[in-house]
Amino acid sequence: MKLDELAKKIGAEVLTPGREVTVEADQVYAGDRISDLLNAAGESVLLLSNLASGHLTRVAELMDVPGICLVGRQRPDTAMIETAKEHRTLLMVSPAGLFETCGRVYRCLTGGTCSSP
Amino acid sequence: MSVVSYKIKGGDFENDGAASRCVKEQLKKVGADPAVVRRAMVAAYEAEMNVVIHACQGELRASLHDGQLDVDVVDEGPGIPDIEVAMTPGFSTASAEARQLGFGAGMGLPNIKKNSDRFAIESTVGKGTRISFTIMLKPQALYGSGQHAVHVVAQNCNECLACIRVCPTQALRVFRGKPQILDYLCIDCAACIGACPTGALILDGMPAVTDQGADSAEVALRPSTDTVLIIPTPCLVQCGAGVTPEQVLSELAAMGFTDVRVTDPWEAALRASVVEYAALTPGQRVPAGAPVISPVCPAIVNLIETGFPLLIPNIAPFLSGMEAAHTNLDAKRPMSVVLCPCQRTALLSGGPTANSAVAKPQIIVPSTLRAAVMPRLQGHGELVEPRAPLAEAERSVLQVSGLRNVLKILEAVEDGLAGDVAVLELYACQGGCFGSPLLGVEASLAAYRWNRSRTRPQSRAEAVRRGRAYSPRRGLRLDADMTKAIAKLGKINKLTRGLPCSNCGICGAPTCAALAEDIILGRATREACLRQQQNADRRNTGTTGDQEKAT
């Protein structure tokens, strides 16, 4: 699924655009530990996390991750936004928490209704 | 070869991933497969962050050569008191600050190991830690690319065909007066080297002796106090009756080799570990009822990976004695290794077991060692009481040597007929390593002399676990396109039926089926089969005779 479409469907705000118009992801991994995220990261994986720091964007760049979704309305610092912009990683922020966001993304990717309750 | 090095500052969380990014750029330049880049990045980032989290400073060095990426991360830091505990997933000593940032999950070292083909770690408390790992850029390139240790000296071949008859995996052909080795079948057992009477097949690195005289590139012994010399046990008993291994060792010391490591203790440690491994409950390791196979002989491991893929889970996950002796060496020290072919490939191919942190060893053939030591030996040593008998546990080990016997045993194991055996120790050479075709003294005699010597292990040795699992070798592919491959297979079968099927070997291929395959794959022509030619001639003369009669 295209990431900007997904962002719209789960009610997330896109802060930085991705590499191309057609940034897609077909897998999602959620976690708050860098090692776990690193292990799951890949070029078609969307990372969901509470970690609003530049480390996450740098990991995303190393692993060619197309997009990151921060959860719980977190505002990333400007450094994180800058690195995401620089590496052209799509960065979005979901209003819901990690669990809830996972649920919404799951419903979207499996073809169910995605609107927030 | 390209080398990058990057200094890493401890506590510098703002520049995380910078060193790994350098490695990534290098990998992209050589066009590495994205999956390989991914594995390399996980391992490199984890290793880099270990320095940032735990150490004062460090350096990441990465080198690309011979189709592999070697990374060394050395730091000055507190060191790791217990590496085994540190390797446990989830164990971490990271600071609260690091954990806040999402680090310190205790998955760093396990992640590096999981994503690399070879992994080594050494650490001194109060000084620092060195992590080194290797990632193969193309795992499949390991085979089928001349990665075997047998060297062909074509001009010496007199087409006696002894090699094709002795090769247990039918890897040899002699077409147009030149021996050819099919890489994907060669298991480095060296049987052909032993069978070749004219020196057309030799150990790679051995000086070729031709009509023009000996190859000038002969490697001489270069004794020096900082060189480590690794010697397989049988090499110590090659200097004639009454010359004890101690005498050979003391002569080597007198020549300047102060650090000589005989592989015997590593072999003993391997045997003990394999026996221990076999005693685990069958659920924890191999299918119940099947014997555990010791990886003592690299040629046998190759054989199983080539021809007995079903038995791969039965091989105990350790390095062979020679490989273990080669691991855990100080990276900076030069090293000389006296080798047999099977071990040579395992150490030099950059394969799963190679220790890239250690400098590539200088290879010495056993005869060079013997020639250097023999003239120095004076007088005879004293032979003493035999060694202690086998420990109780080691009686459960069944030793089988010689490839013909080994093949029969492996078939029996595959058929489930050896369930009563706990541990199998298989050797490609008749009489075990003492029977290597590169050694002069007859196997039983050499073993007898060794068993009666009083040489005891000088160094403590431990079995070393393999970093990477055994995997079946990619066999022959008739064609990359499956449809074409099936068509070729049909042609081969049809052609085989048309050949005499006497397997005479005169054509230079070991069997008629092998020749059919060679013809279809373009390695040989139909004219190679003399018998078919004779038959055709006979038929032709027959017809002319009839015609004459009719006229």
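This is a predicted model: local features need pLDDT of at least 70, side-chain atom pairs count only at pLDDT 80 or more; totals for chains, interfaces and linings use all residues.
Trainee: Let's start where the chains meet. How do you know that chain B touches chain A?
Mentor: Contact means heavy atoms within 4.5 Å. By that rule, 23 residues of chain B are in contact with 18 residues of chain A. Putting the two together buries about 1800 Å², and carbon and sulfur atoms give 52% of that area.

Trainee: Which residues of chain B lose the most area to chain A?
Mentor: They are B:Arg21, B:Arg38 and B:Tyr45, together 27% of what the chain B side buries.

Trainee: What makes the pair B:Lys28 and A:Asp64 a salt bridge?
Mentor: Set the value against the cut-off. The rule asks for a side-chain nitrogen of Lys or Arg within 4 Å of a carboxyl oxygen of Asp or Glu. In this pair the closest N and O atoms are 4.0 Å apart, and the pair is listed as a salt bridge. Across the whole interface of chain B and chain A, the rule finds four salt bridges.

Trainee: And how many residue pairs are in polar contact there?
Mentor: The count between the chains is 15 residue pairs, with both residues at pLDDT 80 or more.

Trainee: Which elements of chain B give two or more residues to that side?
Mentor: Helix H1 (18-29), helix H2 (34-54) and helix H5 (108-115) of chain B do. The largest share comes from H2(B), with five residues. Sorted by kind, the chain B side that touches chain A has eight nonpolar, seven polar and eight charged residues.

Trainee: Now chain A by itself. What is its pattern along the sequence?
Mentor: Chain A has five helices and five strands, and they run α-β-β-α-β-α-β-α-β-α. Of its 117 residues, 50% count as buried. As for contacts between residues at least 6 apart in sequence, 47% join residues at least 24 apart. The accessible surface of chain A is about 5200 Å², and carbon and sulfur atoms hold 50% of it.

Trainee: Why is B:Ser401 called buried?
Mentor: Buried means under 20% relative accessible area. B:Ser401 has 16%, so it is called buried.

Trainee: Where does B:Ser401 lie, and what is around it?
Mentor: It lies in strand E17 (residues 397-401) of chain B. Leaving aside neighbours within four places in sequence, B:Ser401 is in contact with B:Val406, B:Tyr427, B:Cys429, B:Gln430, B:Gly431 and B:Gly432.

Trainee: What makes A:Arg88 worth a look?
Mentor: Look at its phi. Most residues other than glycine have a negative phi. A:Arg88 is not a glycine, yet its phi is positive, about 55°. Its place is the loop between helix H4 (78-86) and strand E5 (90-93) of chain A.

Trainee: Why is A:Arg88 called partly exposed?
Mentor: Partly exposed falls between under 20% for buried and over 50% for exposed. A:Arg88 has 45% relative accessibility, so it counts as partly exposed.

Trainee: What about the phi of B:Gln170?
Mentor: That phi is positive too, about 55°, and B:Gln170 is not a glycine. Find it in the loop between helix H6 (162-166) and strand E7 (172-175) of chain B.

Trainee: And how do you know that B:Gln170 is partly exposed?
Mentor: Use the cut-offs again: under 20% is buried and over 50% is exposed. B:Gln170 has 32% relative accessibility, so it counts as partly exposed.

Key
Residues are numbered from 1 along each chain as its sequence is written. Chains are lettered from A and ligands numbered from 1 in the order in which they are written. Side-chain values use heavy atoms; hydrogens and water are left out. Buried area is the accessible area (1.4 Å probe) that two parts lose on being put together, summed over both. A polar contact is a pair of N or O atoms within 3.5 Å; within protein, one must be able to donate a hydrogen and the other to accept it, and residues adjacent in sequence count only if both atoms are side-chain atoms. Helices (H or I, at least four residues) and strands (E, at least two) are DSSP runs, numbered from the N terminus. Ala, Val, Leu, Ile, Met, Phe, Trp, Tyr, Cys and Pro count as nonpolar, Asp, Glu, Lys and Arg as charged, and the others, Gly among them, as polar. Buried means under 20% relative accessible area, exposed over 50%, partly exposed in between (1.4 Å probe, protein chains only). Accessible areas come from the Shrake-Rupley method with a 1.4 Å probe; for residues, only the protein chains shown count as cover.
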